[in-house]
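Please open the structure in your viewer and keep the selection tool at hand.

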Amino acid sequence: MTEQSRTEPEGFEPFQPPPGTARSASEASSQKNWERATLEKLAFSALQEQRAARRWKTGVRLAWLAFFVALAWLGFSRATPTAVKSSAHTAVVEVKGEIAQGADASAEFITAAMKAAFEDEGAKAIVLLINSPGGSPVQAGIVADEIKRMRAKYNKPVYAVVEESCASAAYYIAAAADQIFVDKASLVGSIGVLMDGFGFTGVMEKVGVERRLLTSGENKGFLDPFSPISDGQRAHAQQMLDQIHTQFINVVKAGRGDRLKVQTPGLFSGLFWTGQQAVDIGLADQLGSVDFVAREVVKAEELVDYTRHENVAERLAKRFGAAFGDAVVHAAARAVPAVR
């Protein structure tokens, strides 16, 4: 029976695909392909982000490693200064700003610079170029002792040249030099010791604030600005200041010797004088600049600066160290309950 002669039963209709069925299947296939491509793109993008994150972490870790290696190198280089053999010259070591631990004019920096200058065979003398209002008597005492020790060991003279000011702890250092040169308008002296602070007990009483300070010793809160100072505590503080003042005076007398006119009124009272007055009373030897000293006294006009300055890397290291220390303190404070 052929297709044309075949007859269907009555009431039976042959199957006809609904209109648009072929187009719908094609669209479904395209939809699946699009979803697959989108998922692949998302997966590839996530993989790229993970790789970028890993590269960033690796870079940060390498940067920190380089940072700590640089710190270690700086520490080693600072601990072992090398002597430089050079032609005849005058070595200059600056003492500028506050004399304090951690400052440019710290005992650590000044003595390291002096050591390098003394060890250099070309350095005929060491000039301390001073412009400082003073600072720590401890730091000044360390420098003064090192001047005496190195001068005797290397047999080289040390001269102090004052610019604007040489007061208090700065003069403590200058007194250890062989000679002191000043400008006629320099400020020199201030041979004294002070301990300063503030007291707020009267203000607290007026505003009705009570200070609650608990200690395990009657003097543990000594010099607390919110507590009154007793007569005994005041006497103890004055005794310490007098002792340090006596040490200062002895250093000046030993350094200046017969040149010092000790009968000058107020010489050791903390007063200071102009450079011209300082020469007249023996606190200084004569007027002169660093160039004058190099040319006329040392007879080596070339100046070589040995001053030890803190570089950028060291400043960043200190800031990082301070930030790290603050973080540790805050973390410890959160971990340990406070006593209340």
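Which residues make a nonpolar surface patch of about 320 Å²? Select Met195, Leu223, Ile229 and Met240, for these residues form the patch. The model on the screen is a predicted one. Ile229 counts as partly exposed because its relative accessibility is 33%, a value between the limits of 20% for buried and 50% for exposed.

**The whole protein**

Nine helices and eight strands can be found in the protein. The protein has 340 residues, and 30% of them count as buried. Its accessible surface comes to about 22,200 Å², and 58% of that surface belongs to carbon and sulfur atoms. Consider also the contacts between residues at least 6 apart in sequence: 72% of them join residues at least 24 apart.

**Two helices side by side**

Next, select residues 107-119, which are helix α2, together with residues 137-154, which are helix α3. How are these two helices arranged? Their axes lie 9 Å apart and the helices pack at an angle of about 10 degrees. Helix α2 is therefore roughly parallel to α3, since angles under 35 degrees are counted in this way. To see the contact, show side chains: among those taking part are Ile110, Met114 and Phe118 of α2, and Ile142, Ile147 and Tyr154 of α3.

Remain at helix α2 and select Lys115 and Glu119. Both residues belong to this helix and are four residues apart, about one turn of the helix. They form a salt bridge in which the closest N and O atoms are 2.5 Å apart. Both are partly exposed, Glu119 with a relative accessible area of 21% and Lys115 with 31%. Side chains of opposite charge can pair when their charged atoms come close.

**Salt bridges across the chain**

The count of salt bridges comes to eight. Select Lys96 and Glu163 for another of them, where the closest N and O atoms are 3.4 Å apart. This pair links distant parts of the chain, with Lys96 in strand β1 (residues 89-96) and Glu163 in strand β3 (residues 158-167), 67 residues apart. Lys96 is partly exposed at a relative accessible area of 32%, and Glu163 is partly exposed at 29%.

Then select Arg259 and Asp285, whose side chains meet in a salt bridge of 3.0 Å, N to O. Here too distant parts of the chain are linked: Arg259 is in the loop between α6 and β6 (272-274), while Asp285 is in the loop between α7 (275-281) and β7 (286-287), 26 residues apart. Arg259 counts as partly exposed, at 34% relative accessibility.

**Two residues with positive phi**

Select Ser190, in the loop between β5 (187-189) and α5. Its phi is positive, at about 55 degrees, although Ser190 is not a glycine. Is Ser190 buried or exposed? Ser190 is buried, with a relative accessible area of 18%.

Finally, select Lys299, in the loop between α8 (290-298) and β8 (303-305). Lys299 is a residue other than glycine with a positive phi, near 65 degrees. Lys299 is exposed, with a relative accessible area of 60%.

Methods: Residues numbered from 1 in each chain as written. Predicted model: local features only at pLDDT ≥ 70, side-chain atom pairs only at ≥ 80, totals over all residues. Heavy atoms only, no water. Patch = residues over 30% accessible without salt bridge, like charges linked within 9 Å, V, L, I, M, F, W, Y side chains within 5 Å. Areas by Shrake-Rupley, 256 points an atom, 1.4 Å probe, with all protein chains shown as cover. Salt bridge = Lys/Arg side-chain N within 4 Å of Asp/Glu carboxyl O. Buried < 20%, exposed > 50% of the residue type's maximum accessible area, 1.4 Å probe, protein only. Axes fitted to C-alpha atoms, helices over the stretch in contact; angles between N-to-C directions. Parallel < 35°, antiparallel > 145°, perpendicular 65-115°, else oblique. Contact = heavy atoms within 4.5 Å.
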